[in-house]
Structure formats: C-alpha cells, structure tokens
Amino acid sequence: MPWSPGDDVLAVQRAPQPGGAGGAYRAFGETLRGLKTTFARIPEGTVTIQYPEEKTPVYPRYRGRHRLHRFEDTGLEKCVGCSLCAAACPADCIRVVAAENTPEHRVSAGERYAAVYEINLSRCIFCGYCEVACPFDAITMGNDYEMSDYHRPDLIFTKEMLLAEPFERTPLRAEGE
Amino acid sequence: MSALVPLADVAYVEPWWMQILKSIVIFAVGLQILPIMIVLERKALGRLQNRYGPNRVGPYGFGQPLAEIVKFATKEQFRPRTAIGWLFALAPVISILTAVAAFAIVPFGDTVDIFGTKTGLYGLDVTIGPLYLFAFGAVAFYGIMLGGWASGSKYSFLGSMRAAAQLISYEVSQGLALVGVIMTAQTLSLVGIVHAQAGMWFFIPQAVGFIIFVVAGFAETNRPPFDLVEADAELVQGYMTEYGGTRMVAYLFAEYLNVLIVSIVISTVYLGGWLLPFGIDPPNWVNPFVVLAKTGLVIFFFFWIRATLPRLRYDQLMSLGWKILLPLATLNTLVTAIILVVAYD
C-alpha cells in the first residue's frame, strides 16, 4: 500500500519542463515580460538622492551632532558645568572643566559655568544619554550628520563650536513624509 | 592613379585620395562613437534600474570615459611571472585590430558627390561582405584565446576556452541565419543587400533568421546574457583576469566595437540600412544618420537585454546554441531556399 501523506499536505507546484517547442515559446514570452518589467523602470524615474547637492531629510528626533544652548532672552549659556553628561557618557567622550561665575564675568545662569566643554566626536556613539542626563536641557542632540574630517583632532568639538549654528542646516522631514 | 580596388565590385572609380580621406573620416567618427556609447550604456542601465548612472564628470557625465582612460593609463602594466610576454602583449592588439578591420565594410549610405567625385559612404564595398565579417570574427578568437593562454593563469585559460567554445557554437547559427538573407538578396555585397530591401526590410520575410542572428550576435560579442566568458562568480574576469591598465581597456574597447559592428550589421542586413519606410526618400547625405539612428536603437536593445536577463548556465548556453538555434537556422535556410525556388521558377 503506497504511503499517503494526507489531505493537508499540498503538492509542490512545479514549473513546466524546460525544452521543446513549448519551452522555447515560454522562454521567449518570459523574456518579453522581463523586458517590459525593466523598461517600466524608466518612466518611474530615479530614486537616487544626489547627496552633496541634495540631502536626506532626517526625523525631528534624529540623534546627530550635539548642540549646546543659550537662553534666548538673556543670551546666557544654559550649561552650568555640573559634569552630569560626562558622568552619563558610556563612551567617555565628554570633558567638562567648570569655573565660578563672577558678577563681572557671568557666562551661565547658574553659580558655575563650563570653562571647557569638549566632545570627542570620534568616540561618541550618539546614544543621547548626555541629553537625558542634563538637568537644564543645555545639551541636546542636533540633526547634523555631516561630521567627517581629515584629522582626528578636528573631531574634538569645543564649546564655541557646539554653541554656534551649523554652517548648513540639515533638512527636516516634513509631516507625514 | 585610379585603379579599381581588386576586392571591390564598385561600378565607378574612386581616386586614391578619396579612399584615404573617407577611411580617416569613417574611423575617426566611428571610434568617437565608442566612448559615447559606453557612457550611454551606463546611463541607460541606470535608468532601467531607477538610478542615474554616471552624471558627475563633465556635462551630464559625458566626461566619464575621459576620466577613466586617464585612470587606466596611469595604472601599472602588471604581468604574471608565468605569462608569455610577447603573446600577452599581442593578444589585445589582435582583438582590437580585427574589430576595427570589420568596420571597413560597414555601409553608412549610398554614393554621394563629394568635391565632384562620386563616393560611396562606406570604406569598401566588397563582393564578399558577410564572409569578410565572419573571417575577421574568426581571427578575433585568437585575441581572446592567446590572451587567456598567454596569461599563464588557470582562470584566464578556462575563460578563453569557454569563449572559444561559445564563439564557435554561435558562429554557425549566425552564418546560417545570414544565408537566408543572402539568398533572398541574391548578393554578398552589404550595399547590394541594402538595395535589395527597397520593397520590404528583411526582418519581416526573414523573421526567424533575424531573431537567430540577434541572439547569436549577443553570444558572439560576449554580451549578457551570454557573458560566460567573464562570468565573475566562476572565472574572476575570464580571459582578461590578468590584464590591467590600457591592455584591459583594449579588450573592453574591442568588445564595445564588436557590439557596435554587430548592431550596424543588424540594422544594415535586417532593418533596411539607410532606407526609410513609407516612401520617404531623403537626399543621400542623410543616409549615415539614418544608419546611426537604427544602430542606436539596436544598441539600446543590447543594453536593455543586459539590464533584464540573468546569465545563462554553461550547459544552457550550449544546448541553446546547438539544439535550438542551429536546427532553427538550418530550417530557416531550407524553407527560404524552397520558397525562392518555387517563387522564381
């Protein structure tokens, strides 16, 4: 008695045997179908983003290069040099040296300010823990992703560089895009 | 000094300076088509795959071949220790020479008056047109064979062996497909074949032969889907694995020149050459542009196929050549012969 696999086992669908007149006809027809498929790509246009001229827009919560912030009304720096970001940083790429504010030389809104604030971007893993750790929202992750450079020392960003506006703004993705 | 060229069956005399002049013009113009063709191929392939292709160097990326030839020319001329020196250097030259030689008999148009001289818009109107083409196609094997063998590398050798087998298999079908046209046109001259298509282009009465010739033409020029010669997954780069710099460019150049020649031959033999449909009869100086336009369409078909079809397996290639194309071509020849005998008796 031949073994029966049962009704729930489906038979494997196989293509018709190649060769012969039917095979040649099918091969010819499939070639035409393939030609149609590839030609239909021409009117569709291209999907390439021409990078240096055209930039990929990012989402608002994209974690790019860090930004340091000032208060908009007074122009004072938000960072008070507490080094919590440096403590939170898993890659140990932030270096903060704090100094006291004086009435003549007031840099930040708090008692102290960051005399040195450096982020070594060649080490940074862009996890965003510094942003989370900051009690004053002084450091946030920006949207810039163009950070390549020729020399490693150039990747150590100082406080002035982090406070400054980027040379070129990264496009943001529009709503629903 | 105005003797007839021995091989030519032309009914008029061309002065020697006109022969030199037109060979210079034909080759200067013909060889300038190649870099444009290479850029356009890559742009067409890009468009067929939703991308741009080269568009950075020069206007619309047309400076790309210039940048590439500079890159290749400054590369090291590397040669393996086991290579046979002079053959290794000679092989690409053979390849390119045979491809250029085939360019001589391509008809770009009928006769026109230039400087008061009756001149044919072709290098030479030989009475043995297709035989000349196949002869140089056969010599072109040596370029590939010697290149692969003289490289002293097993991959190159395998690639060249494949190339030889492939070219020999498909040359038979290609020749037989052309026999139907030659019988219908009653002449071996390519100019005569074009004139014979005045009533109807040969791709209609010789439809089977046309398809066979095109398929075999793809195989003869080692273009996808028949580019087993340089099947990179198995053979690295086939016969040109060990070549670099300008020598490899010579091989690529020969390949593209072969594509160009096969396209011109297809448009000459099957698509009516410089003839236009619907009784349009422009002055003779338009002829080369008509030929080039038709050639361009055929070349685009080459690119289109390259973007569409995957490479055949080697046994599929062989069975397609010997089991399908060859019997079909033979049958096509026989049926054409029978029809001709019945129709003309």
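1. Let's start with a term you'll need: a residue is called buried if 20 or more other C-beta atoms lie within 10 Å of its own, exposed if 12 or fewer, and partly exposed in between. Now try it on Asp137(A), which has 10 C-beta neighbours inside 10 Å and therefore counts as exposed. Keep in mind as you read on that this is a predicted model.

2. While you're at Asp137(A), have a look at its backbone. Its phi is positive, at about 55°, although Asp137(A) is not a glycine. Why point that out? Because most residues other than glycine have a negative phi. As for where to find Asp137(A), go to the loop between helix H4 (129-133) and strand E4 (139-141) of chain A.

3. Next, zoom out to the whole of chain A. It is divided into two domains: domain 1 covers 13-47 and domain 2 covers 66-163. How far apart are the C-alpha centres of domain 1 and domain 2 of chain A? The answer is 59 Å.

4. Three strands make an open sheet, in the order E2-E3-E5 (chain A), with antiparallel pairing. Strand E2 (94-100) and strand E5 (156-157) of chain A are the edge strands; each has a single partner strand, so one side of each is left without a neighbour in the sheet.

5. Look at the two pairings in that sheet one by one. E2(A) and E3(A) are antiparallel and pair over seven bridges; in one of the pairs, Arg95(A) has Glu118(A) in E3(A) as its bridge partner. Strand E3 (residues 112-120) of chain A is joined to E5(A) by two bridges, again running antiparallel. Here Ile119(A) sits opposite Phe157(A) in E5(A), and Asn120(A) sits opposite Ile156(A) in E5(A).

6. Over to chain B, which has eleven helices and two strands.

7. How does the overall size of chain B fit with that of a globule? A compact globule of 345 residues would have a radius of gyration near 20 Å, and chain B has 21 Å, which agrees. Along the principal axes, the C-alpha atoms of chain B fill a box of roughly 60 × 50 × 45 Å. Of the 345 residues in chain B, 41% are buried. Take the contacts in chain B between residues at least 6 apart in sequence: 78% of them join residues at least 24 apart.

8. You'll find Leu133(B) in helix H4 (residues 129-150) of chain B. Is Leu133(B) buried or exposed? It has 23 C-beta neighbours inside 10 Å, so Leu133(B) counts as buried. Leaving out residues up to four places away in sequence, Leu133(B) touches Ala102(B) and Val265(B). Ala44(B), on the other hand, is 89 residues from Leu133(B) along the chain, and their C-alpha atoms are separated by 28 Å.

9. With 22 C-beta neighbours inside 10 Å, Asn222(B) counts as buried. Pro225(B) is in this loop too, between helix H7 (207-220) and helix H8 (232-235). A cis peptide bond joins Pro224(B) and Pro225(B), with omega about 5°. Most peptide bonds are trans.

10. Last, see where the chains meet. Eleven residues of chain B are in contact with twelve residues of chain A. On the chain B side, helix H10 (residues 287-308) gives the most, with three residues. That side of chain B divides into six nonpolar, three polar and two charged residues.

Definitions and conventions: Residues numbered from 1 in each chain as written. Chains lettered and ligands numbered in written order. Predicted model: local features only at pLDDT ≥ 70, side-chain atom pairs only at ≥ 80, totals over all residues. Domains from an automatic or database assignment. Helix = DSSP H or I, 4+ residues; strand = E, 2+ residues; numbered from the N terminus. Rg over C-alpha atoms; globule rule 2.2 N^0.38 Å. Contact = placed C-beta atoms within 7 Å. Nonpolar A, V, L, I, M, F, W, Y, C, P; charged D, E, K, R; others polar. Pairing = 2+ DSSP bridges.
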